[in-house]
Amino acid sequence: MKRFVTILLFSGALMAPLTSSAAERRYYDREHKDYHVWNENEGRAYRHWLMEERREARYRDYNRLNAERQREYWRWRHEHRDWH
């Protein structure tokens, strides 16, 4: 039993970095040739852009936007780097 608990704790310690990095994704911006990390701040900026700037009626996941709309978002984001 003690061996099982030790293996379980060790496995959990190894899996911890995977779960935290899975929450933050990286996206490549072809026009500006840079990467953006999608974290809580980027999520807030995206919601602002989508709801306020684009006047969308409801939230739409970034991954479900077509490529042109995604490029529009990164263009706006580069013009508003200080937005948070």
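Author: Let's start with a term: a polar contact is a pair of N or O atoms within 3.5 Å; within protein, one must be able to donate a hydrogen and the other to accept it, and residues adjacent in sequence count only if both atoms are side-chain atoms. This is a predicted model, where local features need pLDDT of at least 70, side-chain atom pairs count only at pLDDT 80 or more, and totals for chains, interfaces and linings use all residues. Residues are numbered from 1 along each chain as its sequence is written, and side-chain values use heavy atoms, with hydrogens and water left out.

Reader: What makes the pair Asp34 and His78 a polar contact?

Author: Their side chains come to 3.3 Å, and the cut-off is within 3.5 Å, so the pair counts.

Reader: Why is Leu65 called buried?

Author: Buried means under 20% relative accessible area, exposed over 50%, partly exposed in between (1.4 Å probe, protein chains only). Leu65 has 9% relative accessibility, so it counts as buried. You'll find Leu65 in the loop between α2 (40-53) and α3 (67-79).

Reader: What does the side chain of Asn39 lie 3.0 Å from?

Author: A polar atom of that side chain lies 3.0 Å from the backbone nitrogen of Glu42.

Notes. Helices (H or I, at least four residues) and strands (E, at least two) are DSSP runs, numbered from the N terminus.
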